[in-house]
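Biologist: I have not worked with this protein before. Please show me the structure, then take me through how to read it, one feature at a time.

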Amino acid sequence: HQCVWKGERGSTTFFQCELPYDVDIDYAHDQFTGYHVHESVEKHTARGVGVYTNFQCYDVDVQAGIQAPSKAGIILHNPFTKFLDSKGSIQNVVNQGGALVGDTCDDKNRSPQRPWTGEKRAVIEIV
């Protein structure tokens, strides 16, 4: 993971992250993310967390850009992912306790297939 949050009652505002450019497909199999809230955290607020992809060598399709436990005290405001160029994709914006939320684009000109505020919201509040 690029950033792992383990603190209790913390907050992040406007976090932007590019996943590594030169990884192979094992990066996706290992379920790495750009922003990861540790399972032990009960309360955390994140605003404007964005994860970008620009894989240069391989078609790496990561499951989610952001991972957080599905708890009432975990709040994400306006999370997003963005495909910049080249290969691969980020399949979902958030993995919240196993529920995947929001398809993202895997090429420059394609619209998302479903909004990130979809029916699989679990307990996490996404504003």
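Biologist: What joins the side chains of Asn54 and Gln56?

Modeller: A polar contact, meaning a pair of N or O atoms within 3.5 Å; within protein, one must be able to donate a hydrogen and the other to accept it, and residues adjacent in sequence count only if both atoms are side-chain atoms. In this case the distance between the side chains of Asn54 and Gln56 is 2.9 Å. This is a predicted model, in which local features need pLDDT of at least 70, side-chain atom pairs count only at pLDDT 80 or more, and totals for chains, interfaces and linings use all residues. Residues are numbered from 1 along each chain as its sequence is written, and side-chain values use heavy atoms, with hydrogens and water left out.

Biologist: Where does Asn54 lie?

Modeller: Helices (H or I, at least four residues) and strands (E, at least two) are DSSP runs, numbered from the N terminus. Asn54 belongs to the loop between S6 and S7.

Biologist: Is Asn54 buried or exposed?

Modeller: Buried means under 20% relative accessible area, exposed over 50%, and partly exposed in between, with a 1.4 Å probe and protein chains only. Asn54 counts as buried because its relative accessibility is 11%. Over the protein chain of 127 residues, 44% count as buried.

Biologist: Which residues is Asn54 in contact with, leaving aside its neighbours within four places in sequence?

Modeller: Contact means heavy atoms within 4.5 Å. On that basis Asn54 is in contact with Tyr21, Leu84, Asp85 and Ser86. Of these, take Leu84, which sits in the loop between S9 and S10. Leu84 is partly exposed, because its relative accessible area is 33%. The C-alpha atoms of Leu84 and Phe55 are 8.9 Å apart, though 29 residues separate the two along the chain. For the protein chain, among contacts with a separation of 6 or more, 73% come from residues 24 or more positions apart.

Biologist: How many helices and strands does the protein chain have?

Modeller: The protein chain has one helix and twelve strands.

Biologist: How should I read a sheet?

Modeller: Start from the pairs: two strands pair if DSSP finds at least two bridges between them. Here three strands form an open sheet in the order S3-S6-S9, with parallel pairing. Strand S3 (16–18) and strand S9 (80–83) are at the edges with a single partner strand each, so one side of each has no neighbour in the sheet. From one strand to the next the twist averages 20°; axes are lines fitted to C-alpha atoms, for helices over the stretch in contact, and angles run from 0 to 180 degrees between N-to-C directions. S3 and strand S6 (residues 50–53) pair over three bridges, and Gln16 has Gly50 in S6 as its bridge partner. Elsewhere, S4 and S7 run parallel and are joined by two bridges, with His36 opposite Gln67. S7 and S10 also run parallel, through six bridges, and Asp61 stands opposite Ser89.

Biologist: How many aromatic pairs are found in the whole structure?

Modeller: Rings of Phe, Tyr and Trp (its six-membered ring) pair if their centres lie within 6.5 Å; planes under 30 degrees apart count as stacked, over 60 as edge-to-face and the rest as tilted. The search finds four such pairs. One of them, Phe15 with Tyr35, is tilted, at 5.1 Å centre to centre and 55° between the planes. Phe15 is in the loop between strand S2 (10–13) and S3, while Tyr35 is in strand S4, 20 residues apart. Phe15 counts as buried because its relative accessibility is 19%, and Tyr35 counts as buried because its value is 0%. Another pair, Tyr52 and Phe80, is edge-to-face, at 5.9 Å and 80°. Tyr52 is in strand S6 and Phe80 in strand S9, so this pair ties together parts 28 residues apart in sequence. Tyr27, Phe32 and Phe55 form one aromatic cluster.

Biologist: Which residues have the most contacts inside the largest nonpolar core?

Modeller: In soluble globular proteins, nonpolar side chains tend to be buried together. A nonpolar core is a set of buried Ala, Val, Leu, Ile, Met, Phe, Trp, Tyr and Cys residues joined through side-chain atoms within 4.5 Å. The largest one here has 24 residues, and those with the most contacts inside it are Leu19, Tyr27, Tyr35, Phe55, Val60, Val62 and Ile66. Helix H1 (26–29) and the strands S4 (35–37), S7 (61–68), S8 (74–77) and S10 (89–96) each supply at least two of its residues. Not counting residues up to four places away in sequence, Leu19 touches several residues, including Tyr27, Tyr52, Phe55, Val62 and Ile90.
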